[in-house]
Amino acid sequence: MAEKKKEYLIGDVSRIVGMSRDALRFYEKKGVIRSQKKENGYRYFSEDDIYRLMCIVYRRKMNDSLEEIRDFVKDDKSVANMREHLKKRVQEEEKEIRRHRQTIARLELTLTDMDRIEECSGRYTLKSFPEAYILDTCQDIYEGLRQWFSMSSEVSGLDMTYFYNQFSVRNGQLESRGTKLLVYKGLEPFISKQFDLSSYPSTEPVSCIYTIESSEELFPDASMAQRMEEWGRSHGLVPEGILYSNNMSSFLGEETNIYYLELYMPVVQSGYHR
């Protein structure tokens, strides 16, 4: 004679499987588990239902939705269908991992920018121009923005592009010479594999006078360039008449914005001394 299987009230099942009663009722409402109502008015779950819950919990840990689980419960139970479903889920999870890694890369880039702002604001030093891929050279930052929106919408990860505005420095005046869209070297793992960064030209790591200035304007003014030139000459450096400005971080307000401009001024070293 077969041993009679035990039956459990919802509270018992809740304690056994570590789920709230509301979660169990939700699963029942979705049709992935079911209880039996007895003459006493209580609803009971069987040991088979508890095993079924174990299978469902494991599927949920693979990020299957309840709808997907319900479909498999009601419809095709073939190994072939399950294999195709699992392959699809692996691809989805890999994409999600890539998205998370890109998010972490963006956060780390911004943290590096914050560290640099605290360390370098209002100070001058000698620094190499960043090693980067030049995605495009645009007429101005606004054309660069349009290009950025276009490229970043098509290629995952290209939103991590930086805008370097180039100016000529002559007779105490700045004249715009366009905007370069740069992706720093080292970010290759976070850009879509279908996009070949190596096919783009690279920047030259030339020596530059370097500083960071806070400004209510998106672009540097002539006084910033003048202070850099004066510091350079006092340290035996000859500026080449070029200034690059990168808005490394923006603090947006209701009426006034604060921009942190990262400034690079290429120089010819001539007996540089600290």
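1. Basis of the note. The model is predicted, and local features need a pLDDT of at least 70, side-chain atom pairs count only at pLDDT 80 or more, and totals for chains, interfaces and linings use all residues. Residues are numbered from 1 along each chain as its sequence is written, and side-chain values use heavy atoms, with hydrogens and water left out.

2. The largest pocket. Rolling a probe the size of a water molecule over the atoms shows where empty space is left. A pocket here is an open set of points on a 1 Å grid over the protein atoms alone, where a 1.4 Å probe fits, with protein on both sides within 12 Å along at least five of seven lines; its lining residues have an atom within 4 Å of a point. The largest pocket holds about 560 Å³ of space, a volume being the space filled by probe spheres set on the points, which are joined across faces, edges and corners. It is lined by 22 residues, and those closest to its centre are T161, Y162, F163, N247 and M248.

3. What the lining is made of. Helices (DSSP runs of H or I, at least four residues) and strands (runs of E, at least two) are numbered from the N terminus. At least two lining residues of the largest pocket come from each of α5 (79-120), α6 (141-154), β6 (162-170) and β10 (242-251). Sorted by class, this lining has twelve nonpolar, seven polar and three charged residues, where Ala, Val, Leu, Ile, Met, Phe, Trp, Tyr, Cys and Pro count as nonpolar, Asp, Glu, Lys and Arg as charged, and the others, Gly among them, as polar.

4. The second largest pocket. With a volume of about 350 Å³, the second largest pocket has a lining that includes Q91, E94, K95, I97, R98 and R101, together with P189, F190, S192, K193 and Q194. Its lining divides into three nonpolar, three polar and five charged residues.

5. Side chains of opposite charge can pair when their charged atoms come close. The structure holds 15 salt bridges, each being a side-chain nitrogen of Lys or Arg within 4 Å of a carboxyl oxygen of Asp or Glu. In one of them D22 pairs with R25, with the closest N and O atoms 3.4 Å apart; the two are three residues apart in helix α2 (residues 21-30), and so are separated by about one helical turn. D22 is exposed at 57% relative accessible area, while R25 is partly exposed at 42%, where buried means under 20%, exposed over 50%, and partly exposed in between (1.4 Å probe, protein chains only). In helix α5, R99 and E96 meet in a salt bridge at 2.3 Å, N to O, and they too are about one helical turn apart, because three residues separate their positions in that helix. Both are partly exposed, R99 at 43% and E96 at 29%.

6. A linked set of charges. A network of salt bridges joins R59, D64, R89, E92 and E93. Within it, the closest N and O atoms of E93 and R89 are 2.9 Å apart, and these residues, four apart in helix α5, are separated by about one helical turn. E93 is partly exposed at 26% relative accessibility, whereas R89 is buried at 7%.

7. Helix α5 as a whole. The 42 residues of α5 should span 62 Å at 1.5 Å a residue, and its end C-alpha atoms are 61 Å apart, which agrees; the expected span is 1.5 Å times one less than the number of residues. Among the buried residues of α5 are H85, Q102, A105, L109, D113, I117 and C120. The helix is followed by G122, whose phi is positive, near 75°.

8. Most residues other than glycine have a negative phi, and most peptide bonds are trans. N63, which is not a glycine, has a positive phi of about 65°; it lies in the loop between α3 (47-61) and α4 (66-74) and is partly exposed at 48%. N171 also has a positive phi, near 50°, and lies in the loop between β6 and β7 (173-184), where N171 counts as exposed at 79% relative accessibility.

9. Cysteines. The structure holds zero disulfides, a disulfide being a pair of cysteine sulfur atoms within 2.5 Å. C55 is partly exposed, with a relative accessible area of 33%, whereas C138 is buried at 3%.
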